[in-house]
Amino acid sequence: MIDTRRLRTLRAVADHGTVTAAAAALHLTPSAVSQQLVALEHEVGHRLFTRDGRGVRLTAVGRIMLGHANEVLAQLERARADVAAYAAGEAGEVTVACFATAISAVLSPAIAALRASAPGIQVRVLDAEGDQGLAMLLDSAADLAVAVEYRGAPDAADGRLSRLPLYAEPFDLVLPRDHPLADSATLVSLSAERWIGPYPGNPVHDVITFACQQAGFTPNVAHCSDDFRAVVALVGAGAGVALVPRLALRDMAKDGVVVRRTQGAAERRVFAAVRRGADSHPVVRPVLGALREVASSIGAPAPETS
């Protein structure tokens, strides 16, 4: 008999790459995690991990077990959803990890709508920038994540998650008002400029870098901030130019800058995700529905990638 708690431990170590990081995510000691892995290997009868530098990596049998672990844990999520649906109505708390722009653009309006349509549901919000939201979801620190496609993000076929596309958001060029190209700037015409943008690791950094590379250059990022208000303020001070998601510019003071739309320059694809099997939970389902309803007023859903 394989203990499902050990399957969670297996997945956490596979996700985080080290016993120490997995222990922190599971709120256990590293020795407890190691003991669970040893016990699971004894139950399976094979080694599941080998050492890889300071971390660990799955063996062939470990990869097989991880695939089954994802299926078993998804089935447990479905069981919880079915029991919750049978036991009570739609009442409870849902913790949502979401990045700042989407909190303003979709999550807050969704919460307002839920107060009327599902008053028994309480939404707890965690501001999670970059790739933090999906990590928090997989570590069970959140029930739902609103996240952005980024390099290395789990795709639509990932056995751990169910995803709901929300919207695709274009980026706009932001330049100092007195910039000589303020009225005619294109992405390629700004190749020699100093750029302002998020830190590496933030998905927006990857989007901007890729868009510039598609235009034939690598941006010289002179200033870094994950706060788009700070980015726009720096542009207004003449410190450089920037690509900023359009929704982040909404209702923002734009003193000293001009905003220019660029066809096909860049976009970020936003989606909601839950642990696979949990999308039918009677408390989670209305939150997903409210998010999709609000997102539909922003634009066409982002296409899924695989």
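Student: Which residues of H3 are exposed, on the face turned away from its buried side?

Tutor: That face carries Gln 35, Val 38 and His 42.

Student: And which residues of H3 are buried?

Tutor: The buried residues in H3 are Val 33, Gln 36, Leu 37, Leu 40 and Glu 41. Seen down the axis of H3, these buried residues fall within an arc of 135 degrees, so they line one face of the helix.

Student: Why would residues three or four places apart point the same way?

Tutor: An α-helix has 3.6 residues a turn, so residues with that spacing point the same way.

Student: What do the buried residues of H3 pack against?

Tutor: They pack against helix H1 (4–16), helix H2 (19–26) and strand S1 (49–52).

Student: How many residues does H3 have, and what does it reach from end to end?

Tutor: H3 covers residues 30–44, which makes 15 residues. From its first C-alpha to its last it reaches 21 Å, close to the 21 Å expected at 1.5 Å a residue.

Student: What follows H3?

Tutor: Gly 45 follows H3, and its phi is positive, near 85 degrees.

Student: Where is there a positive phi in a residue that is not a glycine?

Tutor: Ser 140 is one of these, with a positive phi of about 65 degrees. Ser 140 lies in the loop between helix H6 (132–138) and strand S5 (144–148), and at 45% relative accessibility it counts as partly exposed. Asp 251 also has a positive phi, of about 60 degrees, without being a glycine. Asp 251 sits in the loop between helix H9 (246–249) and strand S10 (257–261), and counts as exposed at 69% relative accessibility.

Student: Let us change topic to Thr 95. Is Thr 95 buried or exposed?

Tutor: Thr 95 is buried, with a relative accessible area of 7%. Thr 95 belongs to strand S3 (residues 92–98).

Student: What is Thr 95 in contact with, leaving aside its neighbours within four places in sequence?

Tutor: Thr 95 is in contact with Arg 124, Leu 126, Ala 141, Ala 142, Asp 143 and Leu 144. With Arg 124 there is also a polar contact of 3.5 Å between the two side chains.

Student: On to the cysteines. How many disulfides are there?

Tutor: The count comes to zero disulfides, where the two sulfur atoms would have to be within 2.5 Å.

Student: Last topic: what is the mean pLDDT of the protein chain?

Tutor: The mean pLDDT is 88, and 94% of the residues reach 70 or more.

Student: Where does pLDDT stay under 50?

Tutor: It stays under 50 over residues 300–306, for which the model has 24 contacts beyond four places in sequence. Where pLDDT is low, the predicted coordinates should not be read in detail.

Notes. Residues are numbered from 1 along each chain as its sequence is written. This is a predicted model: local features need pLDDT of at least 70, side-chain atom pairs count only at pLDDT 80 or more; totals for chains, interfaces and linings use all residues. Side-chain values use heavy atoms; hydrogens and water are left out. Helices (H or I, at least four residues) and strands (E, at least two) are DSSP runs, numbered from the N terminus. The expected span of a helix is 1.5 Å times one less than its number of residues. Buried means under 20% relative accessible area, exposed over 50%, partly exposed in between (1.4 Å probe, protein chains only). The arc is that of the directions from the helix axis to the C-beta atoms. Contact means heavy atoms within 4.5 Å. A polar contact is a pair of N or O atoms within 3.5 Å; within protein, one must be able to donate a hydrogen and the other to accept it, and residues adjacent in sequence count only if both atoms are side-chain atoms. pLDDT is the predictor's confidence in each residue, from 0 to 100.
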